[in-house]
Amino acid sequence: METMVMSNKQVIFRDYVTGFLSESDLLINSTSVNLKVPAGSMTALVKNLYLSCDPYMRNRMRKPDPSSPATALSFIPGKPISGFGVSKVMDSGHPDYKEGDLLWGAVGWEEYSVITPIPNLHFKIHHNDVPLSHYTGLLGMPGMTAYAGFYEICSPKKGDTVFVSAASGAVGQLVGQFAKLMGCYVVGSAGSKEKVDLLKNKFGFDDAFNYKEESDFNAALKRCFPVGIDIYFENVGGPMLDAVILNMRPHGRIAACGMISQYNLQVPEAVYNLWLITYKRIRIQGFNTIDYLHKYSEFLEFVLPYLREEKITYVEDVADGLESAPAALVGLFHGKNVGKQLVVVSRDLD
C-alpha cells in the first residue's frame, strides 16, 4: 500500500479538570498521519476545516464517575479531544464516502482525523450554496438542538410568551427566531450590551436584557413578562432558573438544553423554587440532541428555505487556526463569544 505521511497538529487533553477550565488544560501537539486508509477498511481519512466549540465539552473533561451519566464519555488524558466539525474526505474505504466529499459530524480536534462514519453521527453535505461554516452551527448540531428543543419539547403555539437564556449563543439565537416565526412574544438574556442589541436588532427578539446589570432576576422577568412565561428555553441554570420558575405560567414548559453556569462549579448552585412546578403544573424536560438526529433531513427541509429567503440569520464568532482553539473553547465560559463560536482549521479545500 502506498504510504503518504503528513504532520498532524492536535489539541491534547492534559488531565481531568476540577473548577474552571483554563487554556493550560489543553495542549497543542504535533504527530503524523497516513493519508491513505488500509485496503478493505471501513474508515475514512478527513481533513478538518471547521471545529465547533460547545459548552457540553466541559462535562467531558470530568473524571469518570459511575454515578454520573455526564462523565460516561469523558475525554482521555493525553489524547486529542473531539467534537463536531466540518471536514473533507481525503481517502475512504467506506462505501458511502468518497474522496472529495464534504461532511459534518464527530471528529478529533486535529488537522486530520480517521473516522468510521456512523449514520446519524456523520452527515454528508449536499447543500453547498450556504457557508460551510454553518454546518458547525445553524445547519449542524446546534441547529438541530434548537429545532428539537423548541418544536419537540416546548410544544409551542402562536401567542406563547417565550424566554431564552444565553440567547445570543449558537442555539439561543435560533430558538428566538423560530419562536418569532411562530408568532410568539420572545425575550432573551445575554451578558453584554452588544449582545442585547444583537438580539433586538438582528434576531428580532421583542425585548432583551443584560443579566449582568440586573440585581434581581425575578424583577427583570416580571418587567419583561407581566403576564408570565409559557416557554423557557434553558441554557444557563442556577439563579436564572430559580427566577424563571417564579414567573412561569400554569402548564408552562421548560426545555432543559444546558446549564452552562454550573459546569465549572465544584458545588452546583441550588434551585429553591422547584416546589412550584407541582402547583403550576410545569413540565421540565431535559433532552439530548443525539436522540433527534434521525430527524436531520426533516430539519434541513424546514430551515434551508428560511435561510435562503433571509428570514433566518446567523452570527458566528470565528477563531483562526488550531492553535487558537483552546482559548476559543475557554472563552465560552466567560461569555467572550458573540454568536456561534467556531475554529477555522483550514480554508483550503484541496
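Q: Before we start, what counts as a salt bridge here?
A: A side-chain nitrogen of Lys or Arg within 4 Å of a carboxyl oxygen of Asp or Glu. Keep in mind that this is a predicted model.

Q: OK. How far apart are the closest N and O atoms of D230 and R249?
A: They are 3.5 Å apart, and D230 forms a salt bridge with R249.

Q: Which strands do those two sit in?
A: D230 lies in β11, residues 229-234, and R249 lies in β12. The pair therefore ties together parts that are 19 residues apart in sequence.

Q: Is D230 buried or exposed?
A: Buried, with a relative accessible area of 8%.

Q: And what about R249, how accessible is that one?
A: R249 has a relative accessible area of 32%, so it is partly exposed.

Q: How many salt bridges does the structure hold?
A: It holds 17. One of them joins the side chains of K47 and D348, at 3.8 Å from N to O.

Q: Where do K47 and D348 lie?
A: K47 is in strand β3, and D348 is in the segment after β15.

Q: How accessible are they?
A: K47 is buried, at 9% relative accessible area. D348 is partly exposed, at 39%.

Q: Give me another pair. What does E214 bridge to?
A: To R223, with the closest N and O atoms 2.8 Å apart.

Q: Back to β12. What's R253 doing there?
A: R253 is in strand β12. Its relative accessible area is 8%, so it is buried. Its side chain makes a polar contact of 2.9 Å with the side chain of D160.

Q: What else does R253 touch?
A: Setting aside residues up to four places away in sequence, its contacts include C154, S155, P156, K157 and D230. I231, Y232, M248 and R283 are also among them.

Q: What is A255 in contact with?
A: Beyond its neighbours within four places in sequence, A255 contacts G149, I153, C154, Y232, F233, E234, Q285 and F287.

Q: How far is A255 from S155?
A: Their C-alpha atoms are separated by 9.9 Å, and they are 100 residues apart along the chain.

Q: How does α1 pack with α7?
A: α1 covers residues 141-153 and α7 covers residues 296-308. They pack at about 90°, with their axes 11 Å apart. The two helices are therefore roughly perpendicular to each other.

Q: Which residues make that contact?
A: On α1, G143, M144, Y147 and Y151. On α7, Y296, E298, F299 and F302.

Q: Switching to α8. How enclosed is that helix?
A: Seven of the eight residues in α8, residues 325-332, are buried, so it is largely enclosed by the rest of the structure. The buried residues are A325, P326, A328, L329, V330, G331 and L332.

Q: What covers them?
A: The cover includes β1 (5-13), β2 (26-34), β14 (316-320) and β15 (340-344).

Q: Last one, R60. Where is it found?
A: R60 is in the loop between β3 (44-52) and β4 (82-92).

Q: What is its nearest side chain of opposite charge?
A: D54, which is 9.3 Å away. R60 is buried yet has no salt bridge.

Q: What does lie by the R60 side chain, then?
A: The backbone oxygen of L73 lies 2.6 Å from one of its polar atoms. Leaving aside neighbours within four places in sequence, R60 is in contact with L73, S74, F75 and S82.

Note on methods. Residues are numbered from 1 along each chain as its sequence is written. This is a predicted model: local features need pLDDT of at least 70, side-chain atom pairs count only at pLDDT 80 or more; totals for chains, interfaces and linings use all residues. Side-chain values use heavy atoms; hydrogens and water are left out. Helices (H or I, at least four residues) and strands (E, at least two) are DSSP runs, numbered from the N terminus. Buried means under 20% relative accessible area, exposed over 50%, partly exposed in between (1.4 Å probe, protein chains only). Lys and Arg count as positive and Asp and Glu as negative; His and the chain ends are not counted. A polar contact is a pair of N or O atoms within 3.5 Å; within protein, one must be able to donate a hydrogen and the other to accept it, and residues adjacent in sequence count only if both atoms are side-chain atoms. Contact means heavy atoms within 4.5 Å. Axes are lines fitted to C-alpha atoms, for helices over the stretch in contact, and angles run from 0 to 180 degrees between N-to-C directions. Angles under 35 degrees count as roughly parallel, over 145 as roughly antiparallel, 65 to 115 as roughly perpendicular and the rest as oblique.
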